[in-house]
Amino acid sequence: MPPNLFLLILRYQFKTKVMTTKIQIIREIILKNDSEIDKLKEVEKEIKSNRADELNQLFEKYFFDCLETGDSLRVGSESFDIRRPAERGDDSIMTIYVKDSTYSYETGNADKLAVSFYSTSHTDEYELRRMVTIGKVGQIILDFEDDILAGYNQIMVEYDKQLKPNRKAKWDLDKKNRDLYFEIESIQKAELMNKLESDGIEFAIEEDKYYKLPELDIRFDWSVRGVKKIKVLKKTPSGKSADIELQVTYKAYNSEEGKYEQVIKTDTYEKVRMDKIERMLSYNKSIIVS
């Protein structure tokens, strides 16, 4: 083996080992960040649960006397339902929304309670009792809307102070992980390009399924199918095109033997666009031989 070729092989093996080690280190950092994100999610879940408990207490304080036995409140961050058992299941008889009429989207700016309920022409006992409840709730809103909104805004502001730093920490870690994944992709691409220009890249398929092998666009009106292996021989000075060697395989009929046989053929092609090569590799990365 010529000394220069031996040195090139050693350099390629060293580069590959360094890249693999770096990817492993990055993945460990990502796993550590994911663990921290999971902890932050649990903290956020607990904060929201505590906030829901306080909102539930607030709404019960004002609307509990409107409820019948069996009724329940289902509280969200911007609304709550009054639910009542019915033959067809647990029905929402009305929903009260907490609104910010200025659309400021700032926590603590709620200034209006809006009520939503379905209309019906039925006058059975269930519907008549529902109408009574709606009327009671309406009266509470008329009498205490300002107090309810003040209590709601206070709770939301208090818990927003806890949620904001938690969310920021989670978003920061998410961004770090996105950047790390991008770095892994860059390293893997560099590793692939190094392999492409040294040993070449080979594709593996199930036996006889040649139709699954990649197809490479050589020119806009010319493509080569059944690519088994590709190797860059020389790049142009700009690096945007390259002379390549392709090993293609297909089945051809052997008239002497009277059967189809595998044919492996190697050809070279000049000035093939690198973006076409990279696109082919990306599309077929699942069948690249490691």
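R83 is buried, at 12% relative accessibility. Buried here means under 20% relative accessible area, exposed means over 50%, and partly exposed lies in between (1.4 Å probe, protein chains only). D81 is buried too, with a relative accessible area of 16%. The side chains of R83 and D81 form a salt bridge, 3.4 Å from N to O. A salt bridge is a side-chain nitrogen of Lys or Arg within 4 Å of a carboxyl oxygen of Asp or Glu.

This is a predicted model: local features need pLDDT of at least 70, side-chain atom pairs count only at pLDDT 80 or more, and totals for chains, interfaces and linings use all residues. Residues are numbered from 1 along each chain as its sequence is written, and side-chain values use heavy atoms, with hydrogens and water left out.

**Salt bridges**

The count comes to 19 salt bridges. Three of them are listed here.

| Pair | N to O distance |
|---|---|
| R83 and D81 | 3.4 Å |
| E44 and K48 | 3.2 Å |
| R84 and E68 | 3.8 Å |

E44 and K48 sit four residues apart in helix 1 (residues 3-63), so about one helical turn separates them. Helices (H or I, at least four residues) and strands (E, at least two) are DSSP runs, numbered from the N terminus. E44 is buried, with a relative accessible area of 11%. K48 is partly exposed, at 33% relative accessibility.

The side chains of R84 and E68 also meet in a salt bridge. R84 lies in strand 2 (residues 79-86), and E68 in the loop between helix 1 and strand 1 (72-75), so this pair ties together parts that are 16 residues apart in sequence. R84 is buried at 2% relative accessibility. E68 is partly exposed at 26%.

**Nonpolar cores**

A nonpolar core is a set of buried Ala, Val, Leu, Ile, Met, Phe, Trp, Tyr and Cys residues joined through side-chain atoms within 4.5 Å. The largest one has 29 residues. F59, F63, I82, V137 and Y152 have the most contacts inside it. Helix 1, strand 2, strand 3 (89-99) and helix 2 (125-196) each supply at least two residues of this core. Helix 2 gives the most, with 12 residues.

V137 touches F63, C66, I82, M94 and I96, leaving aside residues up to four places away in sequence. Contact means heavy atoms within 4.5 Å. Another core lies apart from the largest one. This other core has 24 residues, among them I218, V232, A242 and I288.
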